[in-house]
Amino acid sequence: MPYSKQLKERYLMSDLLEKREREINTASEFSWTPKTKLGVLVSEGKIKNIEEIFSSGKPIKEVGIVDALIPTLEDKVLEIASVQRMTKNNRRQKFRVTVVVGDRAGHVGVGVGKDVEVRPAIDTAIRIAKKNIISIKLGCGSWECNCGTPHTLPLTMKTKVGSSQIILKPAPRGVGIVAADTMRSVLELAGVKDVWTYSRGRTRDIYNVAMATQKALKAINEIKNVDAVKALL
Ligand SMILES: [Zn+2]
């Protein structure tokens with residue numbers, strides 16, 4: 001078993017993560033003091049939907065905004081990798097944690113955090129994942145299905161991050177998420193019900209595969225007229 005996998009299992013098994021989960025579940029009950037103008041508008045209830053922020057194009061600089069607008073966000077640790085850095089006199093060990101957050105209803109974000117300890121690395125990764133959150137466009141782009149309900153993706157998308165290449169393809173109703181662990185977690189938390197996936201290159205690079213999956217979902221969302229693009233394909 002590779003060392004990183006051993007570590008991942010050891011930490012996933014430990015009650016550390018359970019404890020964290022409990023803390024996260026109660027975190028939304030605590031008050032939040034916004035620091036940006038956007039944050040103030042959200043805390044005053046003047047912005048009620050995260051889509052308003054996405055369409056304005058303003059960057060989300062506060063995690064509190066995401067917590068306030070998507071209170072049902074779940075997070076999942078995809079990988080706890082041990083990375084070593086050589087300094088003049090010694091070796092320094094750091095943990096690199098990759099996390100996905102999502103509401104299973106059209107919002108997802110991937111983030112990575114590094115620290116000498118696992119727990120702060122997880123916290124950082126979750127914060128970054130929340131700031132990276134995107135809205136995804138669901139539809140029925142499966143010619144076998146053509147039901148018109150938003151259970152899969154509207155079209156096929158191919159992306160690459162580093163040397164990890166992935167393809168997401170619309171699937172008919174009932175197929176489920178046909179994917180290996182990393183892509184499955186991202187797609188599940190994003191709220192995609194049925195999808196076929198393919199991957200090439202370094203498919204074991206969890207961070208790159210997770211980022212590529214988010215990138216593909218983002219690219220689909222950014223296509224203005226899906227039907228026109230589909231007609232060209
Ligand atoms: Zn369908």
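How many of the 17 residues of helix 8 are buried? Twelve are, so helix 8 is largely enclosed by the rest of the structure. A buried residue has 20 or more other C-beta atoms within 10 Å of its own, with C-beta atoms placed from the backbone. The model is predicted: local features need pLDDT of at least 70, side-chain atom pairs count only at pLDDT 80 or more, and totals for chains, interfaces and linings use all residues. Residues are numbered from 1 along each chain as its sequence is written.

Helices (H or I, at least four residues) and strands (E, at least two) are DSSP runs, numbered from the N terminus. Helix 8 covers residues 206-222. Its buried residues include I206, V209, A210, T213, L217 and I220.

Four strands form an open sheet of mixed pairing, in the order 5-6-8-7. Two strands pair if DSSP finds at least two bridges between them. Strand 5 (157-161) and strand 7 (177-178) stand at the edges with a single partner strand each, so one side of each lacks a neighbour in the sheet. Strand 7 pairs with strand 8 (residues 195-201) in the parallel sense, over two bridges. Here V178 stands opposite W196.

The largest nonpolar core has 53 residues. Such a core is a set of buried Ala, Val, Leu, Ile, Met, Phe, Trp, Tyr and Cys residues joined through C-beta atoms within 7 Å. Helix 8 supplies the largest share, nine residues. V97, V99 and A210 are among the residues with the most contacts inside this core. Contact means C-beta atoms, placed from the backbone, within 7 Å.

Conventions. Two residues are in contact if their C-beta atoms, placed from the backbone, lie within 7 Å. Axes are lines fitted to C-alpha atoms, for helices over the stretch in contact, and angles run from 0 to 180 degrees between N-to-C directions.
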